[in-house]
Amino acid sequence: MRRGMVVGVLAGVLALAAAGCGGGDDNGGGSASATTAAPETTSAPETTAAAGGGGDNELALTAQGTAWDTTSFDLKSGGSYTLEVTNKDSVEHNFTFTEGNANQDIEGGEDATVTFTAPAAGSYPFICKYHPAVMKGTITVT
């Protein structure tokens, strides 16, 4: 009975988070282009993406099931990076990496490209400003 109650509470929290999703049509930085939405799933594996010098500065991040598919990136300080964000959900998400001056909304079912320069060495958070409690990760800069 207790397990059922916990599952019910979690489902309610997720429903409220999805209902509160979205925002204005503020696009922040970068550009976005529409694509066809893919079916939603409820879980995404956590992975780490590494990027370094020599043209390996293209990153990918997918929002699906109100979660990021990658929760950490390893970058080189001073490197210029291009991040392709895919939103497979039907609700709006956002990629915010304050230390890299990146703040981009991604409408449901769309993609957006974000460019930024990695800051000084350290560990920094990235989030979806609409779902910061569940859509967050870490960028480690060396």
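**Entry 1: the fold**

I began with contacts: of those in the protein with a separation of 6 or more, 63% come from residues 24 or more positions apart. I note that this is a predicted model.

Next I looked up the secondary structure. The protein has one helix and ten strands. I read the order from the N terminus as α-β-β-β-β-β-β-β-β-β-β.

Of the 142 residues, 35% count as buried.

**Entry 2: the nonpolar core**

Which residues touch the most other members of the largest nonpolar core? I found Leu75, Leu83, Phe95 and Phe116, in a core of 24 residues. I then listed the elements that give two or more residues to this core: strand 3 (58-63), strand 4 (72-75), strand 5 (80-87), strand 6, strand 7, strand 8, strand 9 and strand 10.

**Entry 3: aromatic pairs**

I searched the whole structure for aromatic pairs and have seven on the list. I took up two of them.

The pair of Phe95 and Phe126 is tilted, with 5.7 Å centre to centre and 40° between the planes. Phe95 sits in strand 6 (residues 93-97) and Phe126 in strand 9, so this pair ties together parts that are 31 residues apart in sequence. Both Phe95 and Phe126 are buried.

Why is the pair of Phe97 and Phe116 edge-to-face? The ring centres of Phe97 and Phe116 are 5.2 Å apart and the planes stand at 75°. Planes over 60 degrees apart count as edge-to-face, so the pair takes that label. I placed Phe97 in strand 6 and Phe116 in strand 8, 19 residues apart, and the pair links distant parts of the chain.

I also checked burial here. Phe97 has a relative accessible area of 0% and is buried. Phe116 counts as buried too, at 4% relative accessibility.

I then asked which residues form the aromatic cluster. Trp68, Phe73, Tyr81, Phe95, Phe97, Phe116, Tyr124 and Phe126 form one cluster. Two of these names, Phe95 and Phe116, are already in my notes on the core, among the residues that touch the most other members.

**Entry 4: the salt bridge**

Side chains of opposite charge can pair when their charged atoms come close. How many salt bridges does the count come to? I get one.

The side chains of Lys129 and Asp105 make this bridge, at 3.7 Å from N to O. Lys129 lies in the loop between strand 9 (122-127) and strand 10 (136-141), while Asp105 lies in strand 7 (residues 102-106), so the pair ties together parts that are 24 residues apart in sequence.

Asp105 has 3% relative accessibility and counts as buried.

**Entry 5: Glu107**

Last, I looked up Glu107. Glu107 is in the loop between strand 7 and strand 8 (110-117). At 31% relative accessibility, I logged Glu107 as partly exposed. I also took a distance to Asp89, which is 18 residues from Glu107 along the chain. The C-alpha atoms of Glu107 and Asp89 are separated by 8.7 Å.

Key:
Residues are numbered from 1 along each chain as its sequence is written. This is a predicted model: local features need pLDDT of at least 70, side-chain atom pairs count only at pLDDT 80 or more; totals for chains, interfaces and linings use all residues. Side-chain values use heavy atoms; hydrogens and water are left out. A salt bridge is a side-chain nitrogen of Lys or Arg within 4 Å of a carboxyl oxygen of Asp or Glu. Helices (H or I, at least four residues) and strands (E, at least two) are DSSP runs, numbered from the N terminus. Buried means under 20% relative accessible area, exposed over 50%, partly exposed in between (1.4 Å probe, protein chains only). Rings of Phe, Tyr and Trp (its six-membered ring) pair if their centres lie within 6.5 Å; planes under 30 degrees apart count as stacked, over 60 as edge-to-face and the rest as tilted. Contact means heavy atoms within 4.5 Å. A nonpolar core is a set of buried Ala, Val, Leu, Ile, Met, Phe, Trp, Tyr and Cys residues joined through side-chain atoms within 4.5 Å.
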